[in-house]
Amino acid sequence: MTRNIPSPEVAPVHDSPRRVTRRRVGLAATATGLLVALAGCARNAPQDTFQPAGENARSIDNLQRPVFYIAGVIGILVFAAVGYIVWRFKDRGQELPIQGHGKPILEIGPIVLSAALLLGIGVPTVATVFKLAKTSDTQCVVIVTGQQWWWEYTYPVQPGCAAGGIKQPIVTSGQLVVPAKTHVLAEIQSNDVIHSYWIPKLNGKRDAVPGRTHTLRLEADQPGIYSGQCTEFCGLSHARMRMQVAALDQAHFDTWVTNQTAPYQKPTDPAAITGEATFQANCSRCHQVDGMADSAGKPIISQPELYVVSGSAPNLSHLMSRNTFAGAVWDLLTPACRDKVWHAKPEEFSELYLQGVSRECLNEKDLRDWIRDAPAKKPMYSSDAQIASNNGLSRGMPNLKLKDDQISQIIDYLVTRK
Amino acid sequence: MAIIERPSTTPAVAGSAPSFVGPADAYGAFRRPVTSRGWRSWVFTVDHKKLGIMYGVVAFCFFLVGGLEALLIRTQLAAPDNTVLSAGTYNQMFTMHATTMIFLFVMPMVSGFANYMVPLQIGARDVAFPRLNAFGFWCFLVGGIFLNTSWFLGGAADGGWFMYQPNASHLFSPSHGVDYWALGVQITGIASLTGAINLIVTIINMRAPGMTMWKMPIFTWMVLVVQFLLVFSLPVITVALFLLTFSRVFGGQFFNVQAGADPLLWQHLFWIFGHPEVYILILPSFGIVSEVLPVFSRKPLFGYKFVAFSGAAIGFVGFGVWAHHMFASGLGPLSVAVFSVGTMMIAIPTGVKIINWTLTMWGGKLRFTTAMLFAIGLVIEFTIGGLSGVTHAVSPSDTQQTDTYYIVAHFHYVLFGGAIFGLFAGFYYWWPKIFGKLLNERIGKWNFWLMVIGMNLTFGPMHMIGLQGQPRRMVVWPQNLTGDGLFNLGFWNKVATVGSYILGLGVLTFVWNVTRTHLLRKGEVAPLDPWDARTLEWMTSNPPKEHNFDAIPTVHEVDEFFHRKYEEVETDHGVRLVKTRSAEEILADQEAHADAHIHMPSPSYWPVVLAVGLVIVAYGVIYSVLLAVVGALITLGASFAWALEPSTADPSDFDPPAGTPGKELANV
């Protein structure tokens, strides 16, 4: 290949522009190929932002689709223009161009055009912003609290949500259970650092900032399970802080509320009874099980604030009524049972979800690994040294150094908490 | 042989004390260094060209470090639940990747270009404050090294380059990493701030006769705009970093909710700096392609004034849009609406630039050199990044996109396809000017195509990955969120990883090109005017003499050099452009009329000592008050020595000795 450097006196020798053009066309083809692939790729991604399943996500989708289309068209116009120019005006030994400095109309025209176009985008944008901020039509309130590295949900006493309202507070974690077709207002808070609550199919994300309460509307069109992830970087195990929204139809949601507020049921199975004692000895200082009492009949109140920086640990009263654990990262259900629930038809989902986790469906391996050595499964600041250097407080669950039989007993007990 | 500042023998103000301190009456302990060879000529230099080269070399080394960090990140993300990096290391890796690329590569690389080119482009012999210039470089170097020593001293910063509070507080990030980060960025910030003041004064005051603001080369224009951005935005991050350091080291409560503070304060401070920072990174590259496109289209820049104005407009509006980084942080609908519309406005001046670059090529005579390819590449890739930027301005849509890979895709198209492509265009375009040798064009083409293909494969799929729900800053992604079909998110993650290796290969091709040209001495000696260029920096030898121009040119046109070479001639077929003089003739003419009194600044010991003092203070803040005191004493001592050293070297050091006219000077 000849060198591409013209000496100043000689007319410049150009470097096979035809080949360059061909490559450029090739590049354009590749880009188009990518766009085509875009249309057909990753079907049913659980967190797809272009598959709204609720009113708020749909408002966003209605706004963003035209914007993406317009941007795509403008992009193609620019590529076409540059491609044409590169082909049309490559150096074929033509005369040197006259040294003009441009025409103002060619500047001002596009400025006015683009301003008009942006106005066309700006007006609906502002309208949607205010529409999404509306809280006056709320039918149900849930306090959503982020902490390293899981979400807690508190249903305050309120007249709405369920038939007859919610008469005593419910505390759960990981999976947010809501009635479908209902305007739910999440009041988002944080116990430690900034997190962000994001269920892409239901709405955009909203940060959980310590010291503040931010609201986020969530409404699901149909019963089903909707995945999300914490999206504000929150430290070591940010990648393992997930959540789901389980939307149930109203009748099943009412059942769920009744179940969550039912009095404590002592285990009857002997293995589970042993497990209850093991649980009390090893887990209860952080993990609350509502209504559980010690042998003297005194209620056991957990005190996570003495052990954990965020001052909270998941409430396990009804662990087996949800189907993920440890920041909604691992399944409590075996893959087969999980598929049945997660991919159920909307009309069947509520019923299946309320069945919770049975012994046969329990994904015992992950749960066992977790209880054996939680920080090995999900990195946390909870080694003895880390706790010691932090005034005795850990971030996340420490390795409790339990023996295998203790772990079995605890699982035997937990599986009864539905 | 060195050309050194010669003292004026007349007082600057009649009747007052002489304005200079001669070697005889100096309070300084040392004479000025005068060595023109060996390492001392680099370490103590105040020459803007040597400093420019040092900026470039060091910044490129950091580019390789940042690139290695990027490749490790992509390797970790090649497969679901991968275990190449631990969660802690991964968090450090992405924090330092961003910090390195922004503060230790793009900004200092731009400083390198600006240092080298701006005085040449405006027909000056150096910058206004040469010692300050050297100080800036040394601050950058020691700050960058300081930052990276944290890897070996307990772990690097792990809070993300945005260091949101309280996650980056001592409680939640107990290693010294964030301390290193805050102090290191603080020190490199000094480099940018002093550089900004220096270049503003230089550009405003030291332009060649006849060069009005509207005759300045467009790169100089963009550099000027960027320096104003730095002057206004850096103090904000300086304050924020002090608050962060005081919070972490001395128990300050600036962001502590329990003490009544609001962590959003940090976000506002950070992004009031952080958003103009984006334009600090990109505008110089806009300047570079606005030089390269006209040269290789052989036409003037279309709408020169519009391009300059739009640069200034981007800079100005850029200060009013910071909260678009915070659309999800709960600002309230009114603020969000205002910042949405403000952000959309940025698209207008940016679009103006794209249109002007396109119309510059229209009707031209295009030569596809490597520099030109990178410039065209910038126009294309930046357009993609700009358009995805418009989609974020739509704030409801942004609440879906923010903190996903879609954002990662967006800003890599802007910063890699924009800023870095611009810098590579600059490398190939100005290499012969700076080093007197041409980079190989054939390898250059390989360099370009590998980088273009690599970057599109790396960052293109990230659009889809992000829009289909993969958040960023995740050490792992799980299989069960990737969706169905062959083209699921796992597939695209693999494509991105492969793309990143191709991109790395592209960068290595550049390294090979440089190695081959210089170390293997296969580079072709550059002709005087290899590209038939248009601006003043080409109206001198390659590389330029220490005093840049034998005679400071008088400027009449925007593209002064071009108009000295070409004239429009009436012919039978209308007006034609005819080359009437060669670059050699123009240069010979300059030499024949060399200036009599060439005035060059003397080297100095103190900038480097002062910078080293600062970094000792920084280590002291982390480890020991005593060390900090030692560092402070060195800093203080160096400041006094700086102030009191003689303003020139000893007369015996002059070359040629005082009394001879400057013509010989011009021929060294």
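**Exercise 1. Compare the radius of gyration of chain A with that of a compact globule of 418 residues.**

Solution. The radius of gyration is taken over C-alpha atoms, and the globule rule is 2.2 Å times the number of residues to the power 0.38. For 418 residues, a compact globule would come to near 22 Å. Chain A has 29 Å. As a further step, take the C-alpha trace along its principal axes: chain A spans about 100 × 50 × 40 Å.

The model is predicted: local features need pLDDT of at least 70, side-chain atom pairs count only at pLDDT 80 or more, and totals for chains, interfaces and linings use all residues. Residues are numbered from 1 along each chain as its sequence is written, chains are lettered from A and ligands numbered from 1 in the order in which they are written, and side-chain values use heavy atoms, with hydrogens and water left out.

**Exercise 2. State whether Leu229(B) is buried or exposed, and list what Leu229(B) touches.**

Solution. Start with the location: Leu229(B) belongs to helix 6 (residues 218-249) of chain B. Helices (H or I, at least four residues) and strands (E, at least two) are DSSP runs, numbered from the N terminus. Next, apply the cut-offs: buried means under 20% relative accessible area, exposed over 50%, partly exposed in between (1.4 Å probe, protein chains only). Leu229(B) has 3% relative accessibility and therefore counts as buried. Last, look for contacts (heavy atoms within 4.5 Å). Leaving out residues up to four places away in sequence, Leu229(B) touches Leu234(B), Pro276(B), Tyr279(B), Ile280(B), Leu283(B), Gly315(B) and Phe319(B). The C-alpha atom of Glu277(B), 48 residues away along the chain, is 7.8 Å from that of Leu229(B).

**Exercise 3. Find the span of helix 17 of chain B and what covers its buried residues.**

Solution. Helix 17 (residues 606-623) has 18 residues. The expected span is 1.5 Å times one less than the number of residues, here 26 Å. From first C-alpha to last, helix 17 reaches 26 Å, close to that expectation. Its buried residues include Trp606(B), Leu610(B), Leu614(B) and Tyr619(B). Among the elements that cover the buried residues of helix 17 are helix 4 (130-149) and helix 18 (625-644) of chain B.
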